[in-house]
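Let's take a friendly walk through a protein model, one stop at a time.

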Amino acid sequence: MNTKNNSRRRASVEKIEKAFAQLLQDRELKDITVTDICAMTGMNRSTFYANFMDIYDLADKIRDKLETEFAEVFRAEGNYHESGSALKMFTHIKENQLFYSTYFKLGYDESHQVLVYDIVRAEQDFDNKHIDYHIEFFRSGINAIIKMWLRNGCVESPEEMAEIIETEYKGR
């Protein structure tokens with residue numbers, strides 16, 4: 001039986017997601033078809049449609065999955081600024097490079113807030129002035145660094161990337 005969480009169905013979904021992510025590295029979303037994905041995975045269209053309504057639904061579900069996983073990385077700490085959080089973040093991104101490249105290529109970073117920003121700390125650090133600007137500066141800076149790291153093939157280790165971020169935020 002093809003129930004929602006059985007291992008065979010999960011494996012099919014993972015294959016579809018990976019094929020989609022690989023195709024998206026060289027094409028625009030509008031140029032990817034279900035036929036392309038089925039050809040890459042060797043699956044039938046019915047398998048695709050049993051799991052997704054269309055290509056856009058697939059893209060949205062990948063976004064939701066990444067955002068949920070990303071939030072889990074920080075759930076124990078409570079926010080990004082805690083010790084070791086940058087290392088956890090960069091380790092997770094390196095382990096999931098293809099999907100994070102996909103996330104950024106789809107432009108989800110512009111419309112969704114993935115990083116948890118410590119507003120209480122920002123209010124203290126910046127005397128509660130212009131907090132929205134500080135949040136945007138922080139979010140945009142982190143996203144730009146992650147995108148650059150991904151574009152360069154994650155050559156630097158997660159430890160090196162965490163050190164870069166921590167050095168940038170020293171004293172705050």
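Two packed helices are described by the angle between their axes and the distance between the axes. Here, an axis is a line fitted to C-alpha atoms, over the stretch in contact, and the angle between N-to-C directions can run from 0 to 180 degrees. Keep in mind that this is a predicted model.

Now find helix α6, residues 97–105, and helix α9, residues 131–151. They pack at an angle of about 125°, and their axes lie 10 Å apart. Because of that angle, α6 is oblique to α9. The crossing of α6 past α9 is left-handed.

Which residues of α6 and α9 make the contact? On the α6 side they are Gln97, Tyr100, Ser101 and Phe104, while α9 brings Asn143, Ile146, Lys147 and Leu150. Sorted by class, this contact of α6 with α9 has four nonpolar, three polar and one charged residues.

Our next stop is His92, which sits in helix α5, residues 85–95. Is His92 buried or exposed? Its relative accessible area is 12%, and buried means under 20%, so His92 counts as buried. Leaving aside residues up to four places away in sequence, His92 touches Glu69, Phe70, Val73 and Tyr100.

Finally, let's turn to cysteines. A disulfide is a covalent bond between the sulfur atoms of two cysteines. How many disulfides does the structure hold? The number is zero. Cys38 is buried, with a relative accessible area of 10%, and Cys154 is buried too, at 2% relative accessibility.

Key
Residues are numbered from 1 along each chain as its sequence is written. This is a predicted model: local features need pLDDT of at least 70, side-chain atom pairs count only at pLDDT 80 or more; totals for chains, interfaces and linings use all residues. Side-chain values use heavy atoms; hydrogens and water are left out. Helices (H or I, at least four residues) and strands (E, at least two) are DSSP runs, numbered from the N terminus. Angles under 35 degrees count as roughly parallel, over 145 as roughly antiparallel, 65 to 115 as roughly perpendicular and the rest as oblique. A crossing is left-handed if the near helix is turned anticlockwise from the far one by less than a right angle, and right-handed if clockwise. Contact means heavy atoms within 4.5 Å. Ala, Val, Leu, Ile, Met, Phe, Trp, Tyr, Cys and Pro count as nonpolar, Asp, Glu, Lys and Arg as charged, and the others, Gly among them, as polar. A disulfide is a pair of cysteine sulfur atoms within 2.5 Å. Buried means under 20% relative accessible area, exposed over 50%, partly exposed in between (1.4 Å probe, protein chains only).
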